[in-house]
Amino acid sequence: MPALHQLSFMAEKAARPYTIGDLLRVMARLRDPDTGCPWDREQSFATIAPYTIEEAYEVADAIARNDLDGLKDELGDLLLQVVYHARMAEEDGRFGFSDVVDAITAKMIRRHPHVFEDASLRDAFLTSGTWERIKAEEKAERSGRDEAGSVLDDVPVALPAFTRAIKLQSRAARVGFDWPTLAPVFAKIEEEIAELKSAIADEKRGHREAGAAASKRVTEEFGDLLFVMSNVARHLGIDPEASLRDANAKFVRRFRSIEAALRAGGRRPEDATLEEMDQLWDEAKAVEPK
């Protein structure tokens, strides 16, 4: 039989939609040391953080699939993460959900003076550097940064590697450390490819065992190449994560076409030669919209 507090929530749901206040009460109830959920109670900021990242990706996935019904659910899951972290912070006596709301509201007002203070600044906002200046002022005030600080200090380590690479490069570019055009970036790509080939050749001469992990040098040179490729994306205004997701989806689509074509003939990919699969790949590619 449901407990009294459970019946209360059920009755409220029958009478009206749940609110953010209800969600906060649910989280407090889940974290209750005596009557809450054992799993929820034992969690910490560190154990919940991976779920927070995962939920953000699922929001992005729903958007990429244009699944607005799914987006509603995924946004709820992401909101739960905010509520979860805020509840744990409140239990530690640090801050609560209302403090999170207050801080982000104040930040948005502060970073949009052209909307909330002086409308005459609106037209020049995008080219004036106002957003970056305000962010820099906030950072300096928050950290009390001295000469030992870096413009790269607050780029989160936990970001996807391509995204973080672009943010690091953008920060460096603000202080003039950047190639002015794509030409030297492409030259750098050629340089990095040559260094990767050299590292691979040296590894082969060392008789690397089949299936063994790549050497530290090969891994490093490969990382350098990816870093330069992210610089190309930055110069072109491309989101490399989105671009690679599209490429992944394209590969899945075309490979499934190969599987379907082989299946129609009673065969599987492992029964076909590489040349046959290449031909089917080209056929799948040819019928895709340009």
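Predicted model: local features only at pLDDT ≥ 70, side-chain atom pairs only at ≥ 80, totals over all residues.
Trainee: How do you know in what order the elements of the protein chain run?

Mentor: Read from the N terminus on, the elements are α-α-α-α-α-α-α-α-α-α-α-α-α-α.

Trainee: What makes a residue count as buried, and what percentage of the protein chain does so?

Mentor: The relative accessible area must be under 20%. Of the 290 residues in the protein chain, 22% count as buried. The accessible surface of the protein chain is about 20,100 Å², and carbon and sulfur atoms account for 59% of that surface.

Trainee: What span is expected of helix 14, and what does helix 14 reach?

Mentor: Helix 14 covers residues 274-286, which is 13 residues. The expected span is 1.5 Å times one less than the number of residues, so 18 Å is expected for helix 14. From its first C-alpha to its last, helix 14 reaches 18 Å, close to that expectation.

Trainee: Why are the buried residues of helix 14 said to line one face?

Mentor: Met277, Leu280 and Ala284 are the buried residues of helix 14. Seen down the helix axis, these residues fall within an arc of 60°, and therefore they line one face. An α-helix has 3.6 residues a turn, so residues three or four places apart point the same way.

Trainee: Which residues on the other side of helix 14 are called exposed, and why?

Mentor: They are Glu275 and Ala286. The term exposed applies because their relative accessible area is over 50%.

Trainee: What do the buried residues of helix 14 pack against?

Mentor: Their partner is helix 13, residues 240-264.

Notes:
Residues numbered from 1 in each chain as written. Heavy atoms only, no water. Helix = DSSP H or I, 4+ residues; strand = E, 2+ residues; numbered from the N terminus. Buried < 20%, exposed > 50% of the residue type's maximum accessible area, 1.4 Å probe, protein only. Arc of directions from axis to C-beta. Contact = heavy atoms within 4.5 Å. Areas by Shrake-Rupley, 256 points an atom, 1.4 Å probe, with all protein chains shown as cover.
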